[in-house]
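Please examine the sequence and the three-dimensional model shown here.

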Amino acid sequence: MLKRKENNKNKDKKSQLLIVGSLLILLGLGVIIGKIYFDIRSDNLENIALVEFYEEQEEINNNISSEKEEETNIEKEEVKSTTPLDYIAVLKIPSIGLEKGLVSKDSYYNNVNKNIKILDESDMPDEENGNVILAAHSGNGKNAFFKNLNKLKIDNIVSIFYNGYEYRYRMVNTYDVEKTGTVEILRNVQKNTLTLITCRHNTNKQIVIICELVERI
């Protein structure tokens, strides 16, 4: 009788372990599927926002009629209802395969954990002798938009599409600084410049890249 009770207890324990193990497997699968869905959805939102931005730039360049403009705005409002992203500019660096939208300084998404950040101290591309200052993560994460920034070389071209124009910058300098919370930007204040900042992976240093405007198209 005692052996039978012990056997029943062992069976109950095995059943409980089997149930717990199955639940953990299902939970793990749910987390993986959820992450895949989130990544796909994020990529789709990014693509929609980029298309929307370039359509707006084309509209500005072509100076279309007010009637056509009204129709286009209605279409864009429908697109915007599917994505919280509202890009005001796009950063494009062909040499490292980067093309990423930028949001306004006061946007919830203007954060290095979510996007390339326009720093508060930054000017915009159309400001005379201004300095556009952008920062983003390096590393291997999904938000590591500047992971290949260290591969840029002198004379590489970096573009910002903004307010109907393409601002083309040429890389003129790069240097490292200690990660202290502040960065000294060494640039020619008589020129329009673009400064790109990211951490040098697995170090306590930051990479600073200085680019100068060469043309506005």
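Which residues does N115 touch, not counting those up to four places away in sequence? N115 touches K100, G101, L102, V103, Y109, A135 and F145, where contact means heavy atoms within 4.5 Å. The model is predicted, so that local features need pLDDT of at least 70 and side-chain atom pairs count only at pLDDT 80 or more, while totals for chains, interfaces and linings use all residues. Residues are numbered from 1 along each chain as its sequence is written, and side-chain values use heavy atoms, with hydrogens and water left out.

N115 is found in the loop between β2 (98-102) and β3 (117-118); strands are DSSP runs of E with at least two residues, numbered from the N terminus. N115 is buried because its relative accessibility is 2%; buried means under 20% relative accessible area, exposed over 50%, and partly exposed in between (1.4 Å probe, protein chains only). The side chains of N115 and K100 are joined by a polar contact of 2.5 Å. Such a contact is a pair of N or O atoms within 3.5 Å; within protein, one must be able to donate a hydrogen and the other to accept it, and residues adjacent in sequence count only if both atoms are side-chain atoms.

N163 belongs to the loop between β5 (157-162) and β6. N163 counts as partly exposed because its relative accessibility is 43%. Leaving aside neighbours within four places in sequence, its contacts are Q57, I60 and D126.

D176 is in strand β6 (residues 165-178). A polar contact of 2.7 Å links the side chains of D176 and R200, whose C-alpha atoms are separated by 8.3 Å.

Note on methods:
Helices (H or I, at least four residues) and strands (E, at least two) are DSSP runs, numbered from the N terminus.
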